[in-house]
Amino acid sequence: MWYFNSPLIVFGEDALSELASIEGERAFIVTDANIARLGFVDMVAEQLDAAGLQYQIFAEVEPDPSLETVKRGAEQMRQFAPDWIIGLGGGSSIDAAKAMWVLYEHPEMVPEEINPVVPLKLREKARLITIPTTSGTGAEVTWGIVLTDMQEQRKLALGSRENMADMAIVDPAFVAKLPPQITADTGMDALTHAIEGYTVTWHNDFCDGPCLIATKLTFDYLPRAVADGTDEEARERMHNAATIAGLGFGNSLAAMAHAMGHSLGAVFHIPHGRAVGLTLPYTVEFTGEAMAERYADIARFVGISAASPQEAVQLLANKIRELAKSIKQPLSLQEAGISKEQFEAALPKLVENAECDACLVVSARCPDSAELERLYRYAFAGKPVDF
Amino acid sequence: MYLLGSEEWLNALAEAINNSPAYAEAAKTWEGDFYFIVEPGGNIKEEIIMYLDLWHGECREACVCAERSAKDPAFVISAKESSWHKVIDKKLDPIQGMMTRQLKLKGDMVKIMKAVKAAKELVGCATQVPTQYHE
């Protein structure tokens with residue numbers, strides 16, 4: 001028994017215009033200052049005006065949103081009393097919107113209490129619309145929430161199936177001018193979602209198709225989107241790929257690259273997509289022996305010919321590295337700018353965080369502490385995993 | 001073979017836990033005791049209440065209780081025997097089981113979600129116990 005959750009997805013050119021047809025009185029827009037500066041909030045506001053809704057803007061979400069930011073936004077939400085919440089931005093803004101929504105509906109709760117077991121009974125006060133402005137996180141179609149506990153320097157994986165947005169608007173207009181670096185970072189996030197969603201121990205028939213398609217779209221279109229941001233086809237297909245990957249991994253789960261990447265993000269503040277994308281080939285190599293056939297499926301789907309499933313694992317890891325290199329992503333922690341001293345000082349915390357991450361145990365091969373430490377050392381040095 | 005929910009089964013589980021380096025490592029910071037309850041149904045006329053006190057990678061106490069009031073554990077997980085069977089056979093991930101309400105949890109889910117690796121190793125220990133079922 002399992003579930004497949006999805007919002008209504010409105011996608012393609014002019015998808016944003018769907019917003020003009022929503023019914024309600026007040027919308028609360030959760031976003032960040034940069035998104036507001038880029039004029040995206042104005043684009044949303046124009047549609048809300050057409051729909052006859054008042055709106056209030058919370059443009060204070062930071063990268064890796066903190067528990068404190070979520071509490072602050074929820075308080076403003078309670079004062080404004082919206083019947084629609086709009087998460088506009090990358091994963092940080094959308095995840096913050098999801099968490100604020102819960103606290104708005106349930107002022108008695110704290111974010112850490114949001115979990116997939118206890119029913120939340122949302123939608124008494126408001127519904128959620130998500131509008132991604134990057135092509136990567138898939139947060140617009142997932143119910144997971146990643147927040148950061150600043151005091152403990154730790155990312156918290158929270159969420160309930162009820163957190164799922166009612167509508168996701170996937171309009172390529174929002175990514176048309178995305179800088180190459182962010183396109184690359186977030187694109188690697190999408191690829192990691194797609195590959196992990198297919199190879200995690202919770203994989204299932206409903207997620208397999210989306211994961212395979214998203215993997216192929218990313219390999220095909222991410223280099224083009226990074227190389228030439230005006231390539232409209234590449235932009236739109238990558239935007240779709242990220243959402244499709246979100247559907248895939250959001251209904252199975254992400255795995256070890258995310259556990260390791262979350263830890264890197266919390267300790268070194270490496271952008272999420274860059275962090276998980278960096279660890280992905282290492283985790284493919286490590287888990288490959290336990291899930292070789294499924295990695296071979298992916299390899300075959302993206303056009304890799306291999307003599308055996310084991311060879312397919314290695315060739316797929318190589319292809320991920322080639323993609324990362326072609327879009328100027330770091331292949332090691334050294335290349336990501338981490339010094340040897342910083343790395344050694346942080347290693348115990350990196351391992352501890354990853355071990356506590358729920359994504360770790362659903363990996364096809366679950367590392368112990370010593371193996372995790374070794375994996376981080378290999379990722380630091382840029383050495384393919386051979387154990 | 002030990003009948004699920006018998007003192008013998010529970011003692012075998014406690015022994016497996018205390019002999020597992022993997023569990024000791026994964027649960028080294030865990031502090032919390034449990035009721036694992038087999039709900040009535042089929043050949044099980046009354047609920048079976050198994051108590052486990054798990055502390056820093058060890059099982060400090062294991063016993064079958066006649067009534068829920070016998071102890072006051074931090075966590076209570078209850079399920080039908082068929083669901084426990086699937087968990088022990090590793091056909092049902094315990095976290096997935098909780099998310100689909102096949103395993104019903106009372107207690108701090110946040111704490112459980114921080115200890116998913118320990119939960120996985122605990123299931124690994126249960127899998128080692130030769131188990132006979134009531135059905």
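The legends below describe close-up views of a predicted model.

**View 1. The two domains of chain A and the contact between them.** Chain A is divided into domain 1 (8–175) and domain 2 (180–381). Their C-alpha centres lie 25 Å apart. Domain 1 of chain A gives 26 residues to the contact, and domain 2 of chain A gives 30 residues. On the side of domain 1 of chain A that touches domain 2 of chain A, the elements that give two or more residues are strand 1, strand 6, strand 7 and strand 8 (167–170) of chain A. Strand 7 of chain A has the largest share of this side, three residues. By residue type, this side of domain 1 of chain A divides into 11 nonpolar, 11 polar and four charged residues.

**View 2. The hairpin of strand 6 and strand 7 of chain A.** Strand 6 (residues 144–149) of chain A and strand 7 of chain A run antiparallel and are joined by six bridges. In this pair, Thr148(A) stands opposite Lys155(A) in strand 7 of chain A. The two strands form a hairpin with four residues between them. Gln153(A), in the turn, has a positive phi of about 50 degrees. Is strand 7 of chain A largely enclosed or largely open? Five of the six residues of strand 7 (residues 154–159) of chain A are buried, so this strand is largely enclosed by the rest of the structure.

**View 3. Helix 9 of chain A and its bend.** Helix 9 (residues 272–287) of chain A has 16 residues, which should span 22 Å at 1.5 Å a residue. Its end C-alpha atoms are 21 Å apart, which agrees with that span. Where does helix 9 of chain A bend? The bend, of about 35 degrees, is at Leu280(A), and a proline, Pro281(A), follows within four residues. Helix 9 of chain A is mostly covered, with 16 of its 16 residues buried.

**View 4. Two loop residues with a positive phi.** Most residues other than glycine have a negative phi. Asp14(A) is not a glycine, yet has a positive phi of about 70 degrees. Asp14(A) is placed in the loop between strand 1 (8–11) and strand 2 (26–30) of chain A. Why does Asp14(A) count as exposed? Asp14(A) has 10 C-beta neighbours inside 10 Å, and a residue is exposed if that number is 12 or fewer. His269(A), also not a glycine, has a positive phi of about 60 degrees. His269(A) lies in the loop between helix 8 (256–268) and helix 9 of chain A. With 12 C-beta neighbours inside 10 Å, His269(A) counts as exposed.

Technical notes. Residues are numbered from 1 along each chain as its sequence is written. Chains are lettered from A and ligands numbered from 1 in the order in which they are written. This is a predicted model: local features need pLDDT of at least 70, side-chain atom pairs count only at pLDDT 80 or more; totals for chains, interfaces and linings use all residues. A residue is buried if 20 or more other C-beta atoms lie within 10 Å of its own, exposed if 12 or fewer, and partly exposed in between; C-beta atoms are placed from the backbone. Two strands pair if DSSP finds at least two bridges between them. The expected span of a helix is 1.5 Å times one less than its number of residues. The bend at a residue is the angle between axes fitted to the seven residues ending there and the seven starting there. Domain bounds come from an automatic or database domain assignment. Two residues are in contact if their C-beta atoms, placed from the backbone, lie within 7 Å. Ala, Val, Leu, Ile, Met, Phe, Trp, Tyr, Cys and Pro count as nonpolar, Asp, Glu, Lys and Arg as charged, and the others, Gly among them, as polar.
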